[in-house]
Amino acid sequence: MIEPALAFSPGSLVHARGREWIVLPGAAGSVLRLRPLSGAETDVQILDAALEQDGVAPASFDLPSPERHGTQADALLLKDALLLSLRRGAGPFRSAGRIGFEPRAYQFVPLLMALKLDIVRLLIADDVGIGKTIEAGLIAREFLDRGEIERCTVLCPPHLVDQWVEELSSKFNIHAVAVTSDSAGKLERDLPQSERIFDVHPFTVVSLDYVKSDRRRHDFLRACPDFVIIDEAHACTGAGRGMQQRYQLLAGLAEKAERHMIFLTATPHSGDAEAFSRLLGLIDPAFTTLNEASETERRTLRERLAANFVQRRRVDIDAWSEKGLFPRHESDERTYRLSGEYQKFFEDVLDYCAEVTERAGTDERRRRLAFWGTLALMRCVASSPAAAQRALITRANLDADTAEEEAIRDRVLDGEADDLNEDDAEPAGAIEDPRLKSLIEQASSLALATKLARDPKVKLLTEEITTLVGDGFSPVVFCRYIATAKAVAERLRTLPALSEVSIDVVTGELASPDREARVALLAAQERRLLVATDCLSEGINLQESFDAVVHYDLSWNPTRHQQREGRVDRFGQPSKKVRSLLLYGENNPVDGAVLNVILRKAEAIRRDTGVPVPLPDDQRRMTEALMQAVLLRRREPGQFSFDFSETPPAREIDRVWRDASEREKKNRTIFAQRQLKPEEVEPEWEKARCLLGGSAETRRFVERSLRRLRAPLEPVGRAFKTPLASLIPITLRERLEEEGFEGTVRVQFGDAPGAGRLHLHRAHPLVGLIAEALLETALDDAADPSDPATLPRCGVWRTRGVTQITTLVLLRIRHRIETGARGKRHSLLAEEAALVAFDADGRRLETENLPSLLEERPEGDLPEIVKNRQLTAAAGRLSGFAAKLDAVARERAEVLTADHARVRQAAETRQVRTRGAVEVEPVLPPDIIGFYVLLPLLD
């Protein structure tokens, strides 16, 4: 049980240093943590009561003065300011007041799983676009607000660092610093010599490649927080040297048993059974035996693993959620036919590649290099003459003995996602041959801008893009190579049909910040089209500004197609419909082999299982065999065709892929987490958001407060602009300037704002600062009544909403909440707003939906003498309502206790025990923020 509250226990009001404060948890002896009664979360002070000259004394909350009364508009503005200034929500989800978006029911599942684990070791393997970042961020924010952690870090590939920093800030109000090879030096220079980055900054987003080295790994292991999110976790468990270093880093982190670790990946099992086993071993070493265990032991382990592993696809989400949650995805294919000089060039290159492979001799390494080099050339030729030209020129100057086989192979066959930054350059090969001169000349001729319009592949693209743009779509065209992307963008800019469309190209030649800036600039245009390489298929979300994807070049890895489309077909896409279009050459044998044996097989398995199953291509040997079959048929007269589905490598691919898909079907029945019931929890979240103020209250408050403070919103298309330089009072303007909000800013409401606009939600600092300023001024008896920021705390008006004199009392109730985690008890302070109604005789009215009663339109005006008389009488009644208002606070505490119990029950499973019970106790008396007398209309 909670012990009786001491004078200065959490939630108590005290007077010190000439003002009122709220005592926060964390006091020790005479040392108190205090927040100003009407101040912000950032205004916390620590003082020692024993050392204060004037002492620290209990304080009481003054009643509103009837002499300073206002209108119904003032009342609504004060209520919304109170709601939107609350951050420490009292409901079972402590983070509801700090989240800058509206989560969907299915996104609560990982949070529920985390809440029932004493130590969180969680693998979130949801499909691309479902929202793994959001799910991990919800867990981090909730644990921070519950007081269970104080620091956290995100480990991710370098190209995702900036995205994570932005997501944590904009969606979760977690302000992290980026730690990369570029930023670390500056961060360290600003610190005292004895301190390190991770000691000083509680929230960090760290490049895996920066901390994986032996030189930095040990220092990071020492200072790493006890809450870690690892993004693209599959890229840390492979066989390459870089992956081995990453794995050593994660294994070192996992050795600390008390450390919470959340692993994120859309492809937990990429076909490498050993890599998957290492990934599961980071959760629990026992899971590494999953593959070798007997059927009975495997079933037991899988059931255990289900408590730590969630993997859902769109079909799982559709089974839980309302239809239309994600946009409707329309996919199609279009073909072109090589002819004339384009067909001849392609056939000449194939002949050359087949001959070179044959002439490689008996040296095993040279044979492999010859094969990979010719395969790289084939990919470039299939992409564009421009890419082929650059590859051929590079090849002519290359020394075969210096070529790196693994690097060439990975680029040819589309390697891991974290290689995308440097993956779009035309690959160098390992062959030098006099015949290259003729091929280079052919490629150079076909790459001329004057011939672009005749290229059958380019011609098909221009037709399809014109149709897409005409249908109102904003497309992204994905190309495999830099030269191809530039050539395509150049051609599209010349089309009259696209003369009013802004077109830009983004490739791996640009540094990550420059890519983001380029995309943001293009996104601000009304009509836009982006040409990009796969450097954008991960790391930058495009769903807010683009809604169609064109695969100009086929990827040889089905996962990359999913990643490309996942940039626009994902949670937060405002369009109801997205399109994807696949282009390929109907008489191109390379396209034919990849399409029929790999891509179509991937799609068939996805339709059959509901799960995209990665190709289990051990070191890509099966794909290599498939491409060798292409070259072999080219060299055998009468044997050349475009159907490779019955070749031995194709049949082997089909066999192992089908086996893998059957395993995935079994996994889905366990890891889709159908036993959890997020729909039972979502109402609790919605209830918490309503108590704290949701999107409707936020928009109403921003519009009315800025208009009152002389900086009204002005519509600009779907957005608004506001002149903050005109804002009154100046103290608020200066506070906003300190946070970076100054001049004229563009804002937008909703979950998917456009580029260059502030996304205003209840947790946005602009909203919070204005709400806190208005509430603070309202509660300051010395505030100037003529100041527009000074809101009256009482009012009276007539309305059709009541049939008797009704007094509405606006309360702020503080609660002490005790929770249990890992055998420890935590004491937290929470706040909520409440409305309660009384009749003229002081009896409490059980009126439903009191907020709507306050919003009921006033009828006419009242003489000043009537207002004063009614408000004075109501104030007199309030002075005797202490016991009744205390009862309201106790009722709310009981309701909150029941809410916590329902969430715990929804999170329970057979395998894992739940955390200890939650106790909620109100801090009495509640604060009377305002009161309003509603009079019925006279007959």
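Trainee: Which residues are buried in α10?

Mentor: In this predicted model, the buried residues of α10 are A275, F276, S277, L279, L280, G281, L282 and I283.

Trainee: What makes helix α10 (residues 273-283) largely enclosed by the rest of the structure?

Mentor: A residue counts as buried under 20% relative accessible area, and 8 of the 11 residues of α10 are buried, so the helix is described as largely enclosed by the rest of the structure.

Trainee: Why are α1 and α27 called oblique to each other?

Mentor: The axes of α1 (residues 72-85) and α27 (residues 695-708) come within 10 Å and cross at roughly 120°. Because 65 to 115 degrees counts as roughly perpendicular and over 145 as roughly antiparallel, the two helices are therefore oblique; the crossing of α1 past α27 is left-handed.

Trainee: What makes β20 and β23 the edges of their sheet?

Mentor: The open sheet has 4 strands in the order β20-β21-β22-β23, with mixed pairing. Strands β20 (714-716) and β23 (758-759) each have a single partner strand, so one side of each is left without a neighbour in the sheet.

Trainee: How do you know that β21 and β22 pair?

Mentor: Pairing requires at least two bridges, and β21 (residues 719-723) and β22 (residues 744-748) pair in the antiparallel sense over 4 bridges, with K721 standing opposite R746 in β22.

Methods. Residues numbered from 1 in each chain as written. Predicted model: local features only at pLDDT ≥ 70, side-chain atom pairs only at ≥ 80, totals over all residues. Heavy atoms only, no water. Axes fitted to C-alpha atoms, helices over the stretch in contact; angles between N-to-C directions. Parallel < 35°, antiparallel > 145°, perpendicular 65-115°, else oblique. Left-handed = near helix turned anticlockwise from the far one by under 90°. Buried < 20%, exposed > 50% of the residue type's maximum accessible area, 1.4 Å probe, protein only.
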